Each structure stands twice: as C-alpha cells, then as structure tokens.
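Have a look at the model first, then read on.

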Amino acid sequence: MATNLMVIGPAGSGKTSLTSKLSEWMVQSGISSCVINLDPGAERLPYLPDYDIRSIVRVCDLMEKEGLSPNGALIKASEIIESRIGDVAGSIHSLQGDFKIIDTPGQMELFLFRQLGSSLASKLRGKTAAIMLLDLSAVSGADYAALRLLGLIAELKLGVPSLDVLSKSDLLDRKASVLWQERITAPKSEGLKGEFVHNLSSLLSDLEKRKRVIAVSSVSGEGLEALYKALGELFCSCGDLS
Ligand SMILES: Nc1nc2c(ncn2[C@@H]2O[C@H](COP(=O)(O)OP(=O)(O)OP(=O)(O)O)[C@@H](O)[C@H]2O)c(=O)[nH]1
Ligand SMILES: [Mg+2]
C-alpha cells in the first residue's frame, strides 16, 4: 500500500526543498517514490513533478486574466482545486511509487485552514501522513512553542498522523541546543493569563515528551534516514513517537 506524505509548513519553511531532497534520497536508497506539486503559485521547482496542480490552475494566470491580487488569486486557485479534489486525488492514486511526496502551497493557511488539505487527506487512498516543517533558523525559543502548537493543530485538522520536522538543520549549529532548552519556558503571569500560560506549558511539555522532533537539512541531507525511519514508526505505533 502506498504512503502519501503531505509536506506542510509556513511560507519559506523548506517544503519544496525537502520534497526534492527526500525524493532524491529515496531514489538513491532504492525506495520507489513519486513527486507531486500542489502549489499553484510555484514558479520554479527544483524537481520534475510526476503530477503538477499547475495543469489545472496557476496563480499568475488568475492574476493576469481576472485582475486578482496575489492573495485573491491564491484563494481563487484553492477554490478551483477544492472543486476538483476528487480528480486530483485520483491522479495521485494513479501514480507509481511506494511513497508519494506531496509539496503543498506556500501559504499553509490555504491548505490547512480551508477545506483543501482535509478534503485531500480524506480522499487519498493508502496511508497518509503529514510532515510539518518547523523553521527555527530565523525564530526564537518562544516561536518554537507556537510552531509546535501549529503542528498539533495541523494533525487535528488534517486527521492524519504527523511528524514535526525541524528544517534547515545545517543553519542551526549550537544555537539550536540553546533554543531547545529555552523553548518552552513561559514567562510568569498571574490570574487568567497565568492559568492559560500554565496550561499551555503543560501541553507543550507533554508534546515534547510524546512527540519528538527530527532535524533535517535539505542541503546536506542530514536527518533524512531518521525521517524515513520515523515515518515507519508513525504507522506502527499510532503516532506515539516517544
Ligand atoms: N540552508 C538551508 N536552506 C534551506 C533548506 N531548505 C530550504 N532552504 C532555503 O529556504 C528557502 C525556502 O525554501 P523552499 O524549499 O522554497 O521553502 P517552501 O516552504 O517551499 O517555500 P514556499 O513554497 O514559498 O512557502 C530557499 O531559499 C531554500 O534554498 C535547508 O535545509 N538548509
Ligand atoms: Mg514551495
């Protein structure tokens, strides 16, 4: 049974680069895979997609022909894709490969907070998992907490198991280990705010214990094997990656 991997994450977090590098690594490791571009706004891709959503709609065409703004065109594009989601899922199903790596739109809110992502996840056949990219290279420890919560929300919204993956690990060096220690320490607050902070901290500590993060670099290839192994564990242990 094929495994669909939806690569998701905030704009610029490294989705397209990881899609490309992971598929290269799979070819070199003798694992059969194919690559799908679901970003209608993509201009250049570092891989040759086996299925490309731009055969249905392109953001730049919508901007030109319908005079839409970039975000208006993105919303319109996601509506067009949603209306043809059955065909899209069918095309992905017909591709050959044990792993189907799906590069998703740059603006993750289109995929996650509209129907596109969950609707696709429910229509794809085989096993489906999400790889949530957390780009810590340009953020602080507190942002790490927000990204981990986003990972949890993505898992709930898509209804598929997910892995939290720290992208661009080659840019982190030792700074990362410091950030990781500080990442879920919350400022002291009182009253209602204090209660929220306390509850949030305990949720984050729980996440840290039960769902580890895998660091990956699409430049050096570090972490790709660990990511592949974790994907196997994801389906064996029902998402408990402790
Ligand atoms: N050093 C380093 N840079 C990376 C890595 N992965 C991605 N980048 C860089 O980060 C930038 C964004 O990478 P993309 O792969 O386009 O990210 P994306 O999430 O697909 O971006 P959008 O689709 O526009 O949201 C590019 O300049 C990449 O070269 C990595 O592992 N290491
Ligand atoms: Mg991209």
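This is a predicted model: local features need pLDDT of at least 70, side-chain atom pairs count only at pLDDT 80 or more; totals for chains, interfaces and linings use all residues.

Ala, Val, Leu, Ile, Met, Phe, Trp, Tyr, Cys and Pro count as nonpolar, Asp, Glu, Lys and Arg as charged, and the others, Gly among them, as polar. With these classes, the shell around ligand 1 divides as follows.

| Class | Residues in the shell of ligand 1 |
|---|---|
| Nonpolar | 3 residues |
| Polar | 10 residues |

Residues are numbered from 1 along each chain as its sequence is written, and chains are lettered from A and ligands numbered from 1 in the order in which they are written.

Ligand 1 is surrounded by 17 residues, each with its C-beta atom, placed from the backbone, within 6 Å of the ligand. Among the closest are G14, K15 and T16. Helix α1 (residues 15–28) gives the largest share of this shell, 3 residues.

Now for the fold. The chain has 10 helices and 7 strands, which are DSSP runs (helices H or I, at least four residues; strands E, at least two) numbered from the N terminus. An open sheet of 7 strands runs in the order β3-β2-β4-β1-β5-β6-β7 with parallel pairing, where a pair needs at least two DSSP bridges. At its edges, β3 (51–52) and β7 (213–215) each pair on one side only. Strands β1 (residues 3–8) and β4 (residues 99–103) are joined in parallel over 5 bridges, and T3 has F99 in β4 as its bridge partner.
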